[in-house]
Amino acid sequence: MIRHLATRRLPALILGAALLTAPVAAMAATAPAAGATAPVPDVVYGMPHVEAVLSDALSRVVTVGRLQMELDSRAVELRAPQGAGGLAVENLYYSPVQGRFAAEIVVTGSQIRLPVSGRAFGVVQIPVLSRRVIPGDVIGPGDIDWQDVRADQTTSDTAATDAQLIGMTPRRGVSTNQPVRLRDLQSPRMIDKGSLVTITLSTPSMTLTTQGKALQDGGKGEVIRVVNTQSNRIVEATVAGPNVVAVAKPGTIAQ
């Protein structure tokens with residue numbers, strides 16, 4: 001009886017020993033061989049790398065103002081093997097009218113490339129009115145703020161410096177925090193139409209004055225028509241101050 005039980009237990013002991021040694025064998029089979037090197041990880045180029053190389057390329061076509069760029073997708077990533085080249089931009093297309101661009105980001109020396117698209121435009125800083133200024137009010141430094149706007153939304157008639165605003169008054173209402181058109185400004189009125197004015201002519205050796213009558217309103221620096229009340233001759237003169245105009249041609253006053 002004892003011999004029979006021992007005979008039945010022997011296969012079970014053999015099977016158990018096999019199960020205990022199986023994981024060890026599997027681990028030994030999957031473990032790297034002695035002296036083998038671990039895999040080299042890929043080089044990963046993310047959003048900062050792509051934005052840097054794109055900004056450099058777009059700055060050659062967006063030449064006015066500070067470049068502002070927005071990608072359509074923020075999920076941008078390129079993976080390249082160790083030893084591959086850096087990033088470059090190919091097939092760049094830019095529409096100044098729409099402010100849209102499309103390009104391919106490539107890893108030089110490889111077949112890895114990624115299409116990207118988005119918006120890009122130049123941004124400039126311009127002076128704007130921080131409060132409502134009505135005609136007749138003189139614009140001062142405290143009335144001016146600065147604002148970033150797209151360069152393509154400005155023209156040669158858009159005020160670009162605070163000096164173009166200070167000391168001026170609106171011809172009509174000017175919106176606050178909006179680009180100011182130079183045509184909507186004028187010098188504060190110093191001469192009213194119909195008022196008596198002093199006409200002056202200055203040369204290095206003399207100064208002549210006579211009386212005249214303004215035929216137009218005028219602000220400082222503006223050229224208006226006046227009539228010499230002594231000769232009844234109409235001349236053009238520059239407003240030099242309150243009720244004072246200056247002519248540049250000798251002989252004008254005496255005529």
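Relative accessible area sorts residues into buried (under 20%), exposed (over 50%) and partly exposed in between, computed with a 1.4 Å probe on protein chains only. The structure discussed here is a predicted model, in which local features need pLDDT of at least 70 and side-chain atom pairs count only at pLDDT 80 or more, while totals for chains, interfaces and linings use all residues. Residues are numbered from 1 along each chain as its sequence is written, and side-chain values use heavy atoms, with hydrogens and water left out.

**Salt bridges**

Side chains of opposite charge can pair when their charged atoms come close. With a salt bridge defined as a side-chain nitrogen of Lys or Arg within 4 Å of a carboxyl oxygen of Asp or Glu, the structure holds 15 of them, including those tabulated here.

| Salt bridge | N to O distance |
|---|---|
| D56 and R60 | 3.0 Å |
| R113 and E90 | 3.4 Å |
| E104 and R113 | 2.8 Å |

Helices (H or I, at least four residues) and strands (E, at least two) are DSSP runs, numbered from the N terminus. Together with E104, these two residues are linked in a network of salt bridges; R113 is partly exposed at 39%, E90 is partly exposed at 33%, and E104 is partly exposed at 21%.

**Helix α2**

Helix α2, residues 47-58, has twelve residues and spans 16 Å from its first C-alpha to its last, close to the 16 Å expected at 1.5 Å a residue, where the expected span is 1.5 Å times one less than the number of residues. Its buried residues are M47, V50, V53, L54, A57 and L58. Viewed down the axis of α2, they fall within an arc of 140°, so they line one face of the helix; the arc is that of the directions from the helix axis to the C-beta atoms. Among the elements that cover these buried residues are β2 (66-71), β3 (78-80), β4 (87-95), β5 and β6, contact meaning heavy atoms within 4.5 Å.

**Loop residues**

N177, in the loop between β8 (169-170) and β9 (185-186), has a positive phi near 55° although N177 is a residue other than glycine, and N177 is partly exposed at 34%. N232, in the loop between β14 (223-228) and β15 (234-241), likewise has a positive phi, of about 60°, and is exposed at 61%.
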